[in-house]
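Hi there,

Here is the structure I promised to pass on to you. Have a look at it first, and then read my notes below.

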Protein chains: 2
Amino acid sequence: MTRAELFHQIQQKQSYLCVGLDADINRIPAHLHHHVDPVFEFNKQIIDATKDLCVAYKPNIAFYEALGAKGWESLQKTLDYIPDEHFTIADAKRGDIGNTSRLYAKAFFETLAFDSVTVAPYMGEDSVKPFLEFENKWVILLALTSNKGSQNFQMTIQEAEQPLYEKVMRTAQQWGSPEQLMFVVGATHPQKFEEIRAIAPDNFLLVPGIGAQGGDLEAVSQYGQNDHCGLLVNSSRGIIFAGTDETFADKARQAAGKVQEQMAAILSK
Amino acid sequence: MTRAELFHQIQQKQSYLCVGLDADINRIPAHLHHHVDPVFEFNKQIIDATKDLCVAYKPNIAFYEALGAKGWESLQKTLDYIPDEHFTIADAKRGDIGNTSRLYAKAFFETLAFDSVTVAPYMGEDSVKPFLEFENKWVILLALTSNKGSQNFQMTIQEAEQPLYEKVMRTAQQWGSPEQLMFVVGATHPQKFEEIRAIAPDNFLLVPGIGAQGGDLEAVSQYGQNDHCGLLVNSSRGIIFAGTDETFADKARQAAGKVQEQMAAILSK
């Protein structure tokens, strides 16, 4: 999917919502456990209930990997089930030496056919570039993450007075264009979005941290939007576990609908 | 496995060799492809040929993930086949927000029962700690990696004149003890080992980068050893792909034997 196509989807749906398919087997409603593949059944119903309200789906790979081979089958089926017009994100946070990153890229872009994958920057250029070599595929690089641990290293000041996450964003823009490179910036740092937009005016930002983690959609949107919207705001637990019983899909739809309404109001400004 | 038990294995075998099971399906000898599970068959023969010469095995998870669900089955079978006295390393380079890291930890420590997993530090404390909460399991944290990209961020100078990798090593020692925390330090930076030993005197170092990447075992060992040996030196391609035909297991044994002899000589000094 190109940047223009993604923007088109956002305009059509009046939404820049990404639904995180973190289908934790321990939190899936009990009545689904008699299905052959409860994780896929859960995702299927979540997708049916939310697909007109969101433009992207983001399974966090940990929740599938924790189930071993069976988890990978659930992931494959989930990906096949997501409609083509949705942007798909493998939230995998991978990154390794060149020949190994190439294999990870192959796993997510070819074996599984995701549109994008999240990548950790710590190992530098040759760990990120192999992911950028796939046509029409995206790298979403960790910049300033939503968790408390983002203080430990991402915020530490480097030479030239810049924190590490800024250096990551400036450096990575030499590796790939805004047509193939996004950044993860957590909604828990709303005061940083103005600065971040100055560093990366054209890149889409994948923004986790609203919902369960407490980030503020209004603040993020005010400073984070660009002329292509430029935001994919993710909510996982706040949507998919809004309900815990037979009504979970309806509850998820209500929760997603609330966010989408807020987004429509913001986009119409 | 405890640090004392690992040291005992090293003394018994006169080896601190770790064999990297990077069983790239495209490089496995042709005659193995008629097996139901060529990757497992390859690993099985490599393990049979090298198990008395090494103390650890390290499958890089990328090579398995690239094959989807089938790859996870090969990985599980390989892990089951590795003798109990060997230290096992899931080279996965994971790291995510707390609840997600917990799932990854579960995947590698419980579903797959590895002794250790490599973890990326970029997301900080709450992304690493969940891995440290498993008894008798190890975190191997990326510090200074063997690839060229280690220059991009790991080497950048922080406040207090220290490069980022040093800050990572100093900070992480507040999170876990040398009984549960190792660091990855690439053999391609031999001049750094003396400094690194001063920063982390007791931690084992997992050292990739000899063999195909050109690092020097003598230099690494001279400055990197401590009173528990303190080194696990990995070779992947240099051993497992030493041969490319029916004789591959013998060739792997010869290559591993050469490294082990060098190690025995170093240990006897």
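Let's start with one residue: B:Gly176 sits in the loop between α7 (164–172) and β6 (181–185) of chain B. Helices (H or I, at least four residues) and strands (E, at least two) are DSSP runs, numbered from the N terminus. A word on the source: this is a predicted model, where local features need pLDDT of at least 70, side-chain atom pairs count only at pLDDT 80 or more, and totals for chains, interfaces and linings use all residues. Residues are numbered from 1 along each chain as its sequence is written, while chains are lettered from A and ligands numbered from 1 in the order in which they are written.

Leaving out residues up to four places away in sequence, B:Gly176 touches B:Leu132, B:Val139 and B:Leu181. Such a contact requires the C-beta atoms, placed from the backbone, to lie within 7 Å. The C-alpha atoms of B:Gly176 and B:Trp138 are separated by 9.5 Å, and these residues are 38 apart along the chain.

Next, find strand β8 (residues 231–235) of chain B, where 5 of 5 residues are buried. In a regular strand the side chains alternate between the two faces of the sheet. Both faces of β8(B) are covered, with B:Leu231, B:Val233 and B:Ser235 on one side and B:Leu232 and B:Asn234 on the other.

Which strands pair with β8(B)? Strand β1 (residues 17–20) of chain B runs parallel to β8(B) over 3 bridges, and B:Val19 stands opposite B:Ser235. Strand β7 (residues 205–207) of chain B is also parallel to β8(B), joined by 3 bridges, with B:Leu206 opposite B:Leu232. Pairing here needs at least two bridges found by DSSP.

Finally, the whole picture. Chain A has 11 helices and 8 strands, and buried residues make up 57% of its 269 residues. The C-alpha trace of chain A spans about 55 × 45 × 35 Å along its principal axes. As for the two chains, 100% of the interface residues of chain B are also interface residues in chain A, so the copies meet through the same surface.

Enjoy exploring!

Key. A residue is buried if 20 or more other C-beta atoms lie within 10 Å of its own, exposed if 12 or fewer, and partly exposed in between; C-beta atoms are placed from the backbone.
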